[in-house]
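My entries follow the order in which I looked things up.

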There are 2 protein chains.
Amino acid sequence: MAYEFLGPRKIVAGENSITSVPNEVRSLKGMKPLIVTDSGIANTGLLKRLTSILDQEKVHYGIFSEVEPDPGFAIVEKGKRVFLESQCDLLIAFGGGSSIDAAKIISFLATNEGGVRDYLGIAVFKNDPISIIAIPTTAGTGSEVTHNAIVTDKDQKLKLIIRSSQMIPKSAILDPTLLNSLPPEVIANTGMDAFTHAVESFFSLRSNLMTQQLSLSAVRLIYPSLIPFKENPKNTELASKMLHGSCLAGIAFTNGGLGAVHALAHPIGSHYHLPHGLSCALFLRQVLNENKEAALEKYGVLLETLGINSQGLSPEKFAEKLIEAVDAFMKRLGIPANLSAIGIKHEIQPMMIEDALKSPGLIANPKKLDRNKIEELLRSIR
Amino acid sequence: MAYEFLGPRKIVAGENSITSVPNEVRSLKGMKPLIVTDSGIANTGLLKRLTSILDQEKVHYGIFSEVEPDPGFAIVEKGKRVFLESQCDLLIAFGGGSSIDAAKIISFLATNEGGVRDYLGIAVFKNDPISIIAIPTTAGTGSEVTHNAIVTDKDQKLKLIIRSSQMIPKSAILDPTLLNSLPPEVIANTGMDAFTHAVESFFSLRSNLMTQQLSLSAVRLIYPSLIPFKENPKNTELASKMLHGSCLAGIAFTNGGLGAVHALAHPIGSHYHLPHGLSCALFLRQVLNENKEAALEKYGVLLETLGINSQGLSPEKFAEKLIEAVDAFMKRLGIPANLSAIGIKHEIQPMMIEDALKSPGLIANPKKLDRNKIEELLRSIR
């Protein structure tokens, strides 16, 4: 089976690599970038840190700091207007997945006719989108190297995907010092997002020799680093491992697909406004349990990758032991076991089931899951 | 320490993925590609297979099939003239490292003033080079995804490096069916090239979290596949693992550097006209032995990656055990232990030492090696 793989364009990494932004702006022939970020970043010292670097090297810029969590249509349309009115010619996405995804959507709206709705699904843009420099401030989404963006239909509580290789950021800057004041809960949730990307992309039916290796590399970096990083956010070595892990997981899933966890997580996340990594974490164990017969050997490979000896075990035991390990990992991370643990009274809406059934994650999931099973899984997180 | 990482552009892989060439030509807006290859490929059915696919889809093309092993200045200059005279606008590099490197050099000569000598070392091209579709027919060089090309000064018996991100092929096609009639010796030598890239890039002082993971992934694919592939060249699963391994190793070393093995292999290879992988293999054990104190822990990681349990061993034993494993691997592959085993009477020329001392591989090598040590290592392969 033939497959296509698109590599990341350019990654600049290391402590204080954010100082390379002016260089990247110039090498992309940008005269005035628009910084796309959220109010959280704007109110901490992070935005100031970026703008000081730009000021020092006399790079003019605009700022759009209104990105909301799970950005909706209105906010990206507004970002596009700010971009055009301030006569910018480049985008700097600065933040978590929401800011980077918003910048990706602004990048093509700014150069093409029509609105967001015209480009849902697999998109081809007549005109090249604006180039993006992506600077993640969390280690989770991988959006700095992917060709996907998620936009939320706030009315219908639906997360919608836009895919195009034309949106891959031209430059991704992985600076671990940007993560050193993240709250522990954000580290846990975003880290579980990256971990789930790595695990699901490994099991994906669309995975291949290249993406599987990247998925395993991501697991190798994330699994031993996430808990100590949560405890020591100022440790730049751990932050760097997490940033590289989430980046590798991003390259893996954008090329190799995801699975049922993501199909289930999107409707729950948009309905209850949960952090995406948390919605994923809630379903991970159940989906690993469902998939086991369909991918016994891969459970063994993953166990070995976690550093757990699988020799002497029967393949049937691989899955059991892996689920135990993931369960213990999430408990130590302080991830809630279900929705009631965070005070949410969960009632399944019919549209949650419809939404999950439409997800591309279900097609790539190693085991086919029918409507009844989807409903059962959606209930399982009560 | 900050670093830059350039990803591969696009990889198309899988059995018969060579049929995607017309598609790649069109997506790169090519009207008439020049196929750059060697007489070996032209005389087997391989070239015919490619041209039939192009004929069938009515893609016009030119052919330059004069690439020699370790191509020199004259042949790439000739390739440039053929490219311009036949009014081509795209390059298809079809073959081993020599053909792909030759195409890379033709790609910038065709659009820029001056000759090869004007671009040695790190090159910046005023005009964009011609786009390249690279189709490897061996699993070794990784050149389909690197930003290096090697050209040989035939008079001085010197291998010279040209580096530029502008030369990275736009598309790399990894088709395992193209490898199914490779002679066992070629499989062993090219496979050792890929294996050495993986190992040396892992130890390189210029390596980073990203390249180290890719190096280890390459080892994981190559080490268990190379010997069975040599015994069953028609096994496309093994061929595919080798192609992916050499490709991952290529991405790793082009971004993370190599080491002393390459510094020593180039002068020996160009003096005795040895296959590059064989020249590397001759030095691998000795260099692993030299470097051990400088990188004890990495030897443990590499041992685990080969699937050899290092638990309970003292770090001092890691290197010993790794060298034993590499030695056994090369013996089983039938790699000669030294030059006398292949009937070469080795006499060190002063310029071999000078050449090795100038190599960037020495700077990235974990242990500093002085002139005496270089001479000793060059002697060690008698």
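**Entry: a helix pair.** I began with helix α6 (residues 184-203) of chain B and helix α7 (residues 209-231) of chain B, which pack at an angle of about 160°, with their axes 8 Å apart. I noted that axes are lines fitted to C-alpha atoms, for helices over the stretch in contact, and that angles run from 0 to 180 degrees between N-to-C directions. Helices are DSSP runs of H or I with at least four residues, strands are runs of E with at least two, and both are numbered from the N terminus.

I then listed the contacts (C-beta atoms, placed from the backbone, within 7 Å). Residues of α6(B), including Ile187(B) and Phe195(B), meet residues of α7(B), including Leu216(B) and Phe229(B). By class, this contact has 14 nonpolar, 5 polar and 1 charged residues. I counted Ala, Val, Leu, Ile, Met, Phe, Trp, Tyr, Cys and Pro as nonpolar, Asp, Glu, Lys and Arg as charged, and the others, Gly among them, as polar.

**Entry: ground rules.** The model is predicted: local features need pLDDT of at least 70, side-chain atom pairs count only at pLDDT 80 or more, and totals for chains, interfaces and linings use all residues. Residues are numbered from 1 along each chain as its sequence is written, while chains are lettered from A and ligands numbered from 1 in the order in which they are written.

**Entry: where the chains meet.** I found 26 residues of chain A in contact with 26 residues of chain B. Which element gives the most to this side of chain A? α7(A) does, with 5 residues. The copies meet through the same surface, because 100% of the interface residues of chain A are also interface residues in chain B.

Entry: I traced an open, mixed sheet of 7 strands in the order β4(A)-β3(A)-β5(A)-β7(A)-β10(A)-β2(A)-β1(B). β4 (62-67) of chain A and β1 (3-6) of chain B stand at the edges, each with a single partner strand, so one side of each has no neighbour in the sheet. Strands pair if DSSP finds at least two bridges between them. I saw that Leu6(A) has Lys10(B) as its bridge partner in β2(B).

Note on methods: Contact = placed C-beta atoms within 7 Å.
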